Every structure is written in C-alpha cells, then in structure tokens.
Amino acid sequence: MARSRIPPVATAADLGRPLKRAFFARSVHEVAPNLIGATLLVDGVGGVIVEVEAYHHTDPAAHSFRGPTPRNLVMFGPPGFAYVYRSYGIHWCVNLVCEKEGSASAVLIRALEPTHGIAAMRRRRGLHDERALCSGPGKLTEALAITDAHNGLALDASPIALHARKKKPEIVAGVRIGITKAVELPWRYGLKGSRFLSKGF
C-alpha cells in the first residue's frame with residue numbers, strides 16, 4: 001500500500017528574504033503597497049499580506065494626528081516596530097510603524113491569506129473556513145494571537161517575522177474602511193482577485 005505523502009514544513013528558504021527595520025524607514029505610501037505579497041508570521045503562524053491601509057501623520061484619520069499620547073507613543077518612535085491598539089474596545093489591530101522617528105505614520109494590516117499554522121488559527125478563531133480566518137484586522141490578530149503584549153516589538157526579531165514577496169503582484173487601491181475622516185483618500189491597497197480580502201475593491 002502506498003504511503004500518503006506528508007507535505008514538507010515550510011522553511012525560511014521557501015519564503016522571501018527577511019525584511020529589516022530599514023525597509024520601513026520610507027514613506028508610508030511606498031511601504032504600504034510594497035507589503036502586499038509579503039509574509040507576516042508571529043511565532044511561526046501567519047500568511048501572505050493581501051490587504052493594508054496607510055495612515056500618515058498629516059491624515060486626520062491617523063491616531064497620531066493630534067500628537068503623542070500613551071496609547072499611540074510607539075507610532076512616534078523609530079520605524080520597524082509594531083503598534084497594536086484595541087479597536088472599539090473589542091479587537092486588537094496591528095500596524096507597522098514607518099518613516100523617520102517622530103513622523104508617526106503606520107500601515108494597518110487588514111487581511112492575510114493563511115499559509116502557516118492554519119490548525120492553530122482555526123482553533124483560536126473557532127472556525128474552519130480558511131477564507132474567514134484572517135479576512136479583517138481583528139480576525140487576523142485573533143488568528144495570530146496578537147495582543148497589546150506585541151505593542152512596541154521589533155518587526156525583525158522573534159516572535160515576529162516578515163518576509164519580502166518574491167515577485168511583484170498585481171495591486172489594486174481604493175478608499176479605506178471604517179473611518180469617518182479623510183474617507184476619500186485612496187490609501188487602501190490589496191492583492192487583485194484575492195478571495196481573502198476583508199472587502200472587495
């Protein structure tokens with residue numbers, strides 16, 4: 001009887017090169033679309049980034065618009081760190097701080113295509129459908145077990161790992177979701193045709 005083939009465990013070699021903090025020391029409007037197709041892992045669990053939103057410090061929808069507070073202080077620090085906050089008192093959201101120290105600009109990760117640790121994600125989310133595991137900023141933080149304990153952590157050191165995309169994908173842009181200010185700005189980016197988006201473009 002033929003043995004069933006066990007799929008190999010993905011290694012770092014299967015992923016793109018690790019992204020260093022210097023990657024984030026650029027305009028948030030360059031970093032945001034460049035993250036589409038990259039892989040985000042937390043303790044080895046995660047997937048391919050398929051949707052993000054950019055928030056610039058001059059943007060009234062950004063948490064940093066009115067200046068530093070205890071909540072948003074990480075945004076004002078150096079680039080390449082995680083900014084995690086509670087949305088509506090319910091869900092955690094994870095952002096990647098960009099630009100030079102003091103700029104206070106960041107990219108919100110809105111959706112992932114699950115690729116690593118799917119069993120753990122299903123257990124944490126209490127559902128089976130892969131498409132629904134990470135199709136929203138609160139869903140993906142629950143799936144990856146991201147909490148305020150990750151706030152201020154470096155993006156290029158354990159438990160967080162980010163790997164560059166291996167090829168440039170087709171990217172679409174549109175207005176951001178769930179905000180009441182600067183609603184006209186086309187600062188949401190996504191992987192064209194992905195079924196893992198939080199919402200279509």
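User: How many aromatic pairs does this structure have, and what describes such a pair?

Analyst: Two things describe a pair of aromatic rings: the distance of the centres and the angle of the planes. This is a predicted model. The count here comes to 2 aromatic pairs. Take Phe23 and Phe24. Their ring centres are 5.0 Å apart and their planes stand at 80 degrees, so this pair is edge-to-face.

User: Are Phe23 and Phe24 buried or exposed?

Analyst: Both Phe23 and Phe24 are buried.

User: What about the rings of Tyr83 and Tyr85?

Analyst: Their centres lie 5.4 Å apart. The planes make an angle of 35 degrees, so the pair is tilted.

User: Which residues lie over the face of a ring?

Analyst: Look at two arginines. Arg86 lies over the face of Trp92, 4.0 Å from the ring centre. Arg188 lies over the face of Phe201, and here the distance to the ring centre is 3.8 Å.

User: Now His116. Where does it lie?

Analyst: His116 is in strand E5, which runs over residues 105-116.

User: Why does His116 count as buried?

Analyst: Compare its relative accessibility with the cut-off. Buried means under 20%. His116 has 15%, so it counts as buried.

How values were computed. Residues are numbered from 1 along each chain as its sequence is written. This is a predicted model: local features need pLDDT of at least 70, side-chain atom pairs count only at pLDDT 80 or more; totals for chains, interfaces and linings use all residues. Side-chain values use heavy atoms; hydrogens and water are left out. Rings of Phe, Tyr and Trp (its six-membered ring) pair if their centres lie within 6.5 Å; planes under 30 degrees apart count as stacked, over 60 as edge-to-face and the rest as tilted. Buried means under 20% relative accessible area, exposed over 50%, partly exposed in between (1.4 Å probe, protein chains only). A charge sits over a ring if NZ of Lys or CZ of Arg is within 6 Å of the ring centre and within 35 degrees of the ring normal. Helices (H or I, at least four residues) and strands (E, at least two) are DSSP runs, numbered from the N terminus.
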